[in-house]
Amino acid sequence: MKEVFPNAFHGICMYHLLNNLKNKFKTKTKELEQHYIQIAKAYNLQEFHVLFYTLCCAVPGAKEYLERVGLDRWTRSHSPSRRYNIMTTNISESMNAALVKVRELPITAFVNEIRLLCQMWFFERRNKAKDFTSKMFKDVEKKLEKRRDQAQIMDIRYADEYNFNVIDGDQNFCVDMAVWTCTSGKFQLDQLPCEHVLVVVRKSAYEAYDLCSPFYSKEYWYESYSGVINPLPHITSWCIPEDVSSFKIMPPDVRTSAGRRRKRRIPSVGEKQSQPKCSRCRESGHNRATCQNPIALHPSGQTFTPCSTNPSFQGASFSYHLPFSIDDTNS
């Protein structure tokens with residue numbers, strides 16, 4: 001990877017590292033998970049050190065383990081580049097889920113399915129961005145609205161026309177509008193006005209949208225999907241250059257292992273596999289097609305095995321609510 005993409009940053013999924021931490025130190029408390037997530041998502045070093053010290057005191061050995069992994073690979077505050085909200089590998093998991101039904105196709109058919117999927121996605125997102133009426137992407141609008149509500153209870157002290165002191169409860173934050181920074185770190189790392197900057201916006205002539213990165217704007221959203229993935233006709237009508245058609249590609253020289261190929265991915269450490277739930281009896285571990293549990297039609301219903309000469313019914317068990325009691329028939 002480093003030879004092909006020398007400038008690419010190799011981060012670690014926050015969720016998978018948490019599972020490894022739980023498995024290594026045999027700790028599965030809610031406090032550990034909450035502290036770890038807060039540490040990973042911390043925006044500044046001061047907040048990171050306070051939370052990290054608390055975690056290390058609660059879990060001996062965690063400090064050496066996490067530092068050996070590399071703080072810059074799983075924390076937002078130490079990352080050499082902006083991670084925004086991409087702290088997990090959910091984007092790749094979503095792509096795997098979208099391709100789960102076509103992954104067993106031949107490679108040419110598989111690539112064509114990916115092309116069709118991207119073609120549909122580009123068309124839908126391009127039209128969605130075109131019809132969008134707000135200046136910013138919808139998720140950004142929600143985040144700004146939430147931060148505006150938080151800014152209502154904060155106070156501000158002026159230093160000069162560019163420097164402000166924002167009082168947030170028992171904490172003070174410095175906002176420098178000349179270089180677009182806030183000591184909380186959110187303004188720099190998210191490229192969006194944090195709640196402290198929005199206090200300054202409310203008390204001055206600044207406009208919140210002007211302080212947002214253009215990458216969040218409707219125009220950039222539309223330009224991201226402006227390219228058109230053209231449809232392909234049948235292979236018989238393709239005009240293939242001679243130098244391409246004459247090129248012979250040999251299959252990879254690999255040894256296929258014996259047995260049936262694995263269809264499901266290997267779960268990571270601590271990952272829980274979801275069990276199917278039967279829609280007939282509402283129990284877990286099987287589905288409706290393999291359900292063998294008798295179903296009572298009424299709480300007082302009787303379950304019995306019918307005596308039938310038909311082989312398909314012999315031994316079958318089902319439930320039925322009798323309109324009378326069995327004891328009444330003997331009287």
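Visitor: Before we start, what does "partly exposed" mean here?
Guide: Buried means under 20% relative accessible area, exposed means over 50%, and partly exposed is in between. At 42% relative accessibility, P214 therefore counts as partly exposed. Keep in mind that this is a predicted model.

Visitor: Where is P214?
Guide: P214 lies in the loop between α10 and α11, the latter being residues 218-224.

Visitor: And how far is the C-alpha atom of P214 from that of M136?
Guide: The separation is 8.8 Å, with P214 and M136 standing 78 residues apart along the chain.

Visitor: Okay, step back. How many helices and strands are in the protein?
Guide: The protein has 12 helices and 6 strands.

Visitor: What share of the residues counts as buried?
Guide: Of 331 residues, 26% count as buried.

Visitor: And which share of the contacts joins residues at least 24 apart?
Guide: Taking contacts between residues at least 6 apart in sequence, 49% join residues at least 24 apart.

Visitor: Now the core. Which residues have the most contacts inside the largest nonpolar core?
Guide: Those are L17, L21, F52, L66 and W74, in a core of 24 residues.

Visitor: Which helices each supply at least two residues of this core?
Guide: They are α1, α2 (30-41), α3, α4 and α5 (71-74).

Visitor: Pick F52. What is F52 in contact with, leaving aside its neighbours within four places in sequence?
Guide: F52 is in contact with I39, K63, L66, E67, L71 and W74.

Visitor: What does a second, separate core include?
Guide: That core has 18 residues, including V166, V197, L198 and L211.

Visitor: Back to the helices. At what angle do α3 and α4 pack?
Guide: Helix α3 (residues 45-58) and helix α4 (residues 62-69) pack at about 125°, and their axes are 8 Å apart. That angle makes α3 oblique to α4.

Visitor: Which residues meet there, in α3 and in α4?
Guide: From α3 come F52, L55 and C56, which meet K63, L66 and E67 of α4. By class, the contact of α3 with α4 has 4 nonpolar, no polar and 2 charged residues.

Visitor: What about α1 and α4, where do they cross and at what angle?
Guide: The axes of α1 (residues 14-25) and α4 come within 11 Å, crossing at roughly 145°. The crossing of α1 past α4 is right-handed.

Visitor: Who makes the contact between α1 and α4?
Guide: On the α1 side, L17, N20, L21, K24 and F25; on the α4 side, A62, Y65, L66, R68 and V69. The residues of this contact divide into 7 nonpolar, 1 polar and 2 charged. L66 also belongs to the α3 contact, where it is among the α4 residues.

Visitor: Next pair: α8 and α10. What angle do they cross at?
Guide: Helix α8 (residues 138-151) and helix α10 (residues 195-203) cross at roughly 75°, and their axes come within 8 Å. The two are therefore roughly perpendicular to each other.

Visitor: Which residues of α8 and α10 make the contact?
Guide: L144, R147, R148, Q150 and A151 of α8, with E195, L198, V199 and R202 of α10. By class, the contact of α8 with α10 has 4 nonpolar, 1 polar and 4 charged residues. L198 is also included in the second core.

Visitor: Let's change topic to loops. Where is T88 found?
Guide: T88 is found in the loop between α5 and α6 (90-98). With 22% relative accessibility, T88 counts as partly exposed.

Visitor: What does T88 touch, not counting residues up to four places away in sequence?
Guide: T88 touches C13, M14 and Y15. The C-alpha atoms of T88 and G11 are separated by 9.1 Å, although the two residues are 77 apart along the chain.

Visitor: What is phi of Y84?
Guide: Phi of Y84 is near 55°, a positive value in a residue other than glycine. Y84 is also in the loop between α5 and α6, and Y84 is partly exposed at 29% relative accessible area.

Visitor: And R282, what is its phi?
Guide: Phi of R282 is near 70°, again a positive value in a residue other than glycine. R282 is in the loop between α12 (242-245) and β5 (302-304).

Visitor: Is R282 buried or exposed?
Guide: R282 is exposed, with a relative accessible area of 58%.

Notes:
Residues numbered from 1 in each chain as written. Predicted model: local features only at pLDDT ≥ 70, side-chain atom pairs only at ≥ 80, totals over all residues. Heavy atoms only, no water. Axes fitted to C-alpha atoms, helices over the stretch in contact; angles between N-to-C directions. Helix = DSSP H or I, 4+ residues; strand = E, 2+ residues; numbered from the N terminus. Parallel < 35°, antiparallel > 145°, perpendicular 65-115°, else oblique. Contact = heavy atoms within 4.5 Å. Nonpolar A, V, L, I, M, F, W, Y, C, P; charged D, E, K, R; others polar. Left-handed = near helix turned anticlockwise from the far one by under 90°. Core = buried A, V, L, I, M, F, W, Y, C linked by side-chain atoms within 4.5 Å. Buried < 20%, exposed > 50% of the residue type's maximum accessible area, 1.4 Å probe, protein only.
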